[in-house]
Amino acid sequence: MNIEKNLEEKEIIPFFQPIVSLENGDIFGYEVFSRIKEKSVAEFFELADKSEKIWKLEKFCRKTILKTVSHLGLKTNIFININPEIIFDEDFYQGYTLKLLKKYNIDSRKIILEITEKCSQEKKILNEITEHYRIQNFNIALDNVGAAYSGLERICSMNPNFIKIDMKIIRGIESDTLKQSMVKSLVQFCNETGISSVAVGVETAQELDFLLSVGVQFAQGFFIGIPNKLPEKVSAESYARIIAYKKNLKELTKNKNKDEEKIQTSKKPDLNKEKGIKSFLEDFRNAEEAVENGNSSRIGELAAQGITVFPDMNVLDLMNFFNSNKECTFVTVIDLNQQVLGVMTHSVLADLLGGRFGFGLNYRKTVKEVMITDFFVVNSAEPVEKVATKAMLRDEKNLYNPIIVTKKGIYVGVVTIKQLLDTIVSVEVQEKTREITKKNRLLQRQQMIQERDMKMAELVQKSFYPSKAPCKNGWESAFIFKPMASVSGDLYDFYFDKEKKFCGVGLFDVSGHGVASGLVGILSKYLAEKIFIKNQNKPLEKLIQEFSETLAQEKGSVENYLTGIFLRMNQEKVEYVNGGHTDVLLKNTETGKVEILGGKDGKFRGMFLGMPGLPSDCCSTVKNQLEAGDILVLYTDCLIESRNGCGEEFGIERLQKILQEANSKTPKETLSYIAEKFKTYTKGVPLRDDLTIIVLQYTGIFD
């Protein structure tokens with residue numbers, strides 16, 4: 001295996017495997033692997049290590065991955081493996097990866113660098129790699145946790161953002177109690193330390209079900225989705241299982257949550273019952289006048305001594321104090337000079353000491369190590385009304401915590417919210433009313449502008465797109481065009497030669513949605529028609545390449561890209577080219593057989609259109625000797641990617657079967673049959689994309 005040759009010929013290809021969120025079934029990110037001709041690159045790295053070219057290979061792989069991520073326009077999280085041996089290369093500390101990210105406009109916080117837990121390197125080296133990348137805002141994942149060198153000590157020393165549980169632990173976990181205990185412990189540890197857990201190598205439904213039950217946050221594996229050259233969605237079965245589990249869990253906890261809400265509501269004071277709104281407003285106006293006249297009460301006059309502790313107190317001692325004094329839920333931490341260092345609540349301390357690992361990690365600590373340092377403190381001379389206004393600006397979590405009062409930096413005492421109840425309510429009524437009124441006006445204005453812009457874009461788009469299907473020059477046709485919103489990202493067109501004879505079709509799908517997508521579609525329609533008509537005698541692969549390059553130049557820095565196809569008709573012959581789009585189906589009228597035009601392997605299919613830097617090679621395919629009655633079906637990805645209530649996609653195999661079953665005599669009847677089957681399958685599930693379907697039928701009758 002020749003390293004230099006493979007690098008020069010750029011035979012290393014990135015493959016994307018999805019990582020799914022077990023909370024909602026959405027894709028959290030992709031792990032990107034480097035492969036050589038679709039084989040593992042591990043042997044290649046081993047050879048590079050022996051020949052002292054590991055950093056050169058590492059740089060090339062990293063550049064290839066990040067360049068591909070940029071060209072594909074991926075905005076999700078990307079997991080990339082790194083080789084710990086690169087630390088010995090003198091170029092390691094030169095910020096190579098950060099420069100690449102800046103070049104390709106990628107946020108380093110979206111990149112998760114995986115350091116293998118199987119590595120036999122010394123802890124110092126692994127920690128040095130981690131620190132090197134952490135200061136550059138990269139996220140760190142510790143890979144293969146649970147394999148040969150696992151240990152919580154190493155995880156704690158590296159303090160990663162993610163741990164990836166090794167596939168050997170996940171394999172068969174539903175029937176292995178030892179593995180189950182290990183994963184449960186890791187999940188609990190992650191929850192209490194803020195580390196995210198990722199299960200690797202999920203290959204069965206049973207493995208996924210167990211991971212859902214113990215609260216693992218993310219998962220990847222062949223059951224979720226296989227590695228692919230282009231980022232793919234999660235499998236229908238794994239998506240359905242995740243959603244079903246969450247629905248069941250929500251139903252089981254519904255009654256429990258209702259009871260807890262009642263308890264929480266009863267603990268908070270019912271402000272309106274204690275005093276009328278008019279009375280509060282009147283008191284507040286009187287208080288404002290008192291402030292202006294210098295007669296207002298000072299917050300120090302309301303301060304009570306409260307409970308104080310010193311920072312060297314053991315957390316277990318404080319917990320025992322809370323348990324022995326149920327009425328006390330809050331203490332202030334002061335030093336020997338009576339200066340306030342922090343605060344601590346019973347609930348926060350209980351969380352720190354709770355759980356299997358929480359107690360072990362924290363029971364030896366002092367209050368100083370765990371206290372809350374973000375607390376609300378005021379000077380004793382401040383007017384009560386101004387303190388109340390400041391208190392209302394606090395977040396919901398801390399709104400009911402006592403206020404710390406000091407004088408010249410020395411602790412005076414605490415004031416409870418009950419003592420400020422009247423003023424707080426008055427300020428809240430006044431400030432919230434003003435804020436809501438202002439926001440409502442702003443939202444109404446923005447909504448009017450948005451509706452106007454969308455309506456204008458909709459009218460412009462409708463005027464550009466064909467409203468009738470051509471039926472001449474040997475062909476009859478019908479189509480459906482259903483935008484998800486008022487402006488569509490789908491683009492379709494019918495082409496006619498100089499003699500006004502029907503000679504071709506274009507169907508494209510613009511990435512994204514909304515006004516920007518619609519405007520790119522209008523530009524693309526104009527360019528596609530111009531290039532198609534102007535170059536009637538050129539092969540279609542040349543046309544689509546010219547279209548892609550011209551579009552990239554014309555749209556400039558706009559990020560939207562396209563997938564699409566051109567069809568050209570000439571008597572009984574059809575020429576076809578595909579740029580990353582869905583396949584075209586061909587039904588033979590005599591046999592009823594439905595096939596994919598160009599073949600199942602899709603070797604003729606090119607990359608996305610309008611993206612500079614991506615390879616634009618496409619190979620057109622020619623279908624000769626069509627028979628009268630033969631049918632072609634073109635469509636955008638919404639048709640086959642839409643799901644039913646169980647999360648299963650409509651799929652191209654189902655579409656082929658439906659087309660084969662259709663006994664319709666006209667394109668319009670065939671289209672209605674497909675649309676009705678699609679509507680029935682996706683009943684109750686709203687469209688998530690624009691839908692376009694075109695049916696062409698060869699008649700053999702020419703004008």
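Colleague: Leaving aside neighbours within four places in sequence, which residues is Leu-22 in contact with?

Modeller: This is a predicted model. In it, Leu-22 is in contact with Leu-208, Leu-211, Leu-212, Val-216, Gln-217, Phe-218, Ala-219, Ile-242 and Lys-246, when neighbours within four places in sequence are left aside.

Colleague: Which members of the largest nonpolar core touch the most other members?

Modeller: Leu-22, Ile-111, Val-183 and Val-202 do, out of the 59 residues in that core. Helix H9, residues 205–214, supplies the largest share of this core, with six residues. As a general point, nonpolar side chains tend to be buried together in soluble globular proteins.

Colleague: Which residues does the second, separate core include?

Modeller: Among its 43 residues are Phe-479, Tyr-576, Leu-626 and Tyr-698.

Colleague: Back to H9, please. How many of its ten residues are buried?

Modeller: Seven of the ten are buried, and the helix is thus mostly covered. The buried residues are Ala-205, Glu-207, Leu-208, Phe-210, Leu-211, Leu-212 and Val-214. Just after H9 comes Gly-215, which takes a positive phi of about 85°.

Colleague: What about Asp-209: which side chain does it meet in a salt bridge?

Modeller: Its partner is the side chain of Arg-241, at 2.7 Å from N to O. The pair links distant parts of the chain, since Asp-209 is in helix H9 and Arg-241 is in helix H10, 32 residues apart. Asp-209 is partly exposed, with a relative accessible area of 31%, and Arg-241 is also partly exposed, at 29%.

Colleague: Where do Asp-493 and Lys-525 lie?

Modeller: Their side chains meet in a salt bridge of 3.3 Å, N to O. Asp-493 lies in strand E17 (residues 490–496) and Lys-525 in helix H19 (residues 515–534), so this pair ties together parts that are 32 residues apart in sequence. Both Asp-493 and Lys-525 are buried.

Colleague: And Arg-643: which residue does it form a salt bridge with?

Modeller: It pairs with Glu-649, and the closest N and O atoms are 3.8 Å apart. Arg-643 counts as buried because its relative accessibility is 16%, which is under the 20% limit. Glu-649 is partly exposed, with a relative accessible area of 29%. Elsewhere, salt bridges that share partners join Glu-31, Glu-114 and Lys-164 into one network.

Colleague: How many salt bridges does the count come to?

Modeller: The count comes to 16 salt bridges. In general, side chains of opposite charge can pair when their charged atoms come close.

Colleague: Let us stay with Lys-164. Which side chain does a polar contact of 2.5 Å join to it?

Modeller: That of Gln-220. Gln-220 is found in the loop between strand E9 (218–219) and helix H10 (236–267).

Colleague: Why does Gln-220 count as buried?

Modeller: Its relative accessibility is 1%, and therefore it falls under the 20% limit for a buried residue. Not counting residues up to four places away in sequence, Gln-220 touches Gln-17, Pro-18, Ile-19, Glu-31, Phe-33, Lys-164, Val-198, Ala-199, Val-200, Gly-201 and Val-202.

Colleague: A change of topic: strands. How many bridges join E18 to E19?

Modeller: Seven bridges join strand E18 (residues 502–510) to E19, and the two run antiparallel. Within this pairing, Phe-508 has Gly-564 of E19 as its bridge partner.

Colleague: What stands opposite Gly-564 in E20?

Modeller: Gly-579 stands opposite it. Strand E20 (residues 573–579) is joined to E19 by seven bridges, and this pair runs antiparallel. The hairpin of E19 and E20 has two residues between the strands, and in it Gln-571 takes a positive phi near 55°.

Colleague: How many of the nine residues of E19 are buried?

Modeller: Eight of them are buried, and strand E19, residues 562–570, is mostly covered.

Colleague: One last residue. Is Asn-663 buried or exposed?

Modeller: Asn-663 counts as exposed, at 71% relative accessibility. It lies in the loop between helix H22 (652–661) and helix H23 (667–681).

Colleague: How are the C-alpha atoms of Asn-663 and Tyr-673 placed, and what separates them?

Modeller: The two residues are ten apart along the chain, and their C-alpha atoms are separated by 9.1 Å.

Notes
Residues are numbered from 1 along each chain as its sequence is written. This is a predicted model: local features need pLDDT of at least 70, side-chain atom pairs count only at pLDDT 80 or more; totals for chains, interfaces and linings use all residues. Side-chain values use heavy atoms; hydrogens and water are left out. A nonpolar core is a set of buried Ala, Val, Leu, Ile, Met, Phe, Trp, Tyr and Cys residues joined through side-chain atoms within 4.5 Å. Buried means under 20% relative accessible area, exposed over 50%, partly exposed in between (1.4 Å probe, protein chains only). Helices (H or I, at least four residues) and strands (E, at least two) are DSSP runs, numbered from the N terminus. Contact means heavy atoms within 4.5 Å. A polar contact is a pair of N or O atoms within 3.5 Å; within protein, one must be able to donate a hydrogen and the other to accept it, and residues adjacent in sequence count only if both atoms are side-chain atoms. Two strands pair if DSSP finds at least two bridges between them. A salt bridge is a side-chain nitrogen of Lys or Arg within 4 Å of a carboxyl oxygen of Asp or Glu.
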